Amino acid sequence: MAAVNGESVRDESQEESSTWTHEKELKLFEKVDEYLEDGEERKEIYVKDIKWSDIAFDNFTTDEVHKRWRILTLRVRKMRNAKEILEDAKQRAVDKHANAGSRKRKKDDALPKAPLSAYLLFSKERRPQMAEKYSDLNNKQLLAKIGKKWRKLSAEKKKKYHDDYLENKKKYESELMQYFIENFPEEKAPKTAFEFWSSKMKKEIKEEHPDISDKKLKKKLRKRWERLEDEEKGEWEKKSKQEMDKYLRKMRKRVKV
């Protein structure tokens, strides 16, 4: 048992985990994060000032989410504001989850397969007919002949295979991104161009319409985004692409793909 703000709270190692899964804990952090980000004045508040009824989610009561928060932050340094404690608690939960499954993660069947290069697409297309035509050649000799054909191919004809590769690569990266997001929820997913833009515009709209509901706010944001000039959208898409590329590099290194 340990005391937190004068109350006795069990360590999470003693807490039953059947209800509070790792995903639920991450969602709790997300809800606290959203609460603290809702207005400049909340960014500096202390835990004692949090209104936990605004954070309760799913079937968890106000007391349950508050209790779980106290358990998760039990070993986090105190005497800081809620935002600072939140960041420490999130990292600790992620580390704990990662250590629990520290054995090397096996590549599963859901992991998207990398696209074939332009040359391999050409080779795959030509190999059957060339294998039939040069049936007396062994595999090494056949590959050498296919390679020679590729080198003699004009840039114009090679373009088809390069274009196919780029299209497949784009699809692969999209599928890979989705795979990482679904299988590694502890890693913060990159923002889309719309999310980057809306996080900025949200403040402006709230200043114009202080009493606007979340539903109307989302609708207004979507309409403004749709009316945005392509050039301006491009700037946000560029920012999103940079974050997505950074995320993919990090995750590919982690999963070794």
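**Charges and helices in a predicted model**

At 44% relative accessibility, Asp58 counts as partly exposed, a class that lies between buried (under 20% relative accessible area) and exposed (over 50%), judged with a 1.4 Å probe and protein chains only. The structure is a predicted model, in which local features need pLDDT of at least 70 and side-chain atom pairs count only at pLDDT 80 or more, while totals for chains, interfaces and linings use all residues. Residues are numbered from 1 along each chain as its sequence is written, and side-chain values use heavy atoms, with hydrogens and water left out.

The protein contains nine helices and two strands; these are DSSP runs numbered from the N terminus, helices being H or I with at least four residues and strands E with at least two. Read from the N terminus, the order of elements is β-β-α-α-α-α-α-α-α-α-α. Of the 257 residues, 32% are buried.

Asp58 is found in the loop between α1 (22-37) and α2 (62-72). Although Asp58 is not a glycine, its phi is positive, at about 50°. Most residues other than glycine have a negative phi.

Asp58 also takes part in a salt bridge with Lys27, where the closest N and O atoms are 3.1 Å apart. The pair ties together parts that are 31 residues apart in sequence, because Asp58 lies in the loop between α1 and α2 and Lys27 in helix α1. A salt bridge here is a side-chain nitrogen of Lys or Arg within 4 Å of a carboxyl oxygen of Asp or Glu. Side chains of opposite charge can pair when their charged atoms come close.

The structure holds 13 salt bridges. One of them joins Lys250 to Glu187, at 2.8 Å from N to O. Lys250 lies in helix α9 (residues 230-255) and Glu187 in the loop between α6 and α7 (193-208), so this pair connects parts that are 63 residues apart in sequence. Lys250 is partly exposed at 47% relative accessibility, whereas Glu187, at 18%, is buried. A salt bridge also links Lys169 with Glu173; both residues lie in helix α6 (residues 155-183), four residues apart, about one turn of the helix. Elsewhere, Glu125, Arg126, Lys160 and Asp164 form a network of salt bridges.

Two further lysines lie in helices. Lys152 belongs to helix α5 and is exposed, with a relative accessible area of 66%. Lys218 belongs to helix α8 (residues 214-227) and is exposed as well, at 61%. The C-alpha atoms of Lys218 and Lys202 are 8.7 Å apart, although 16 residues separate the two in sequence.
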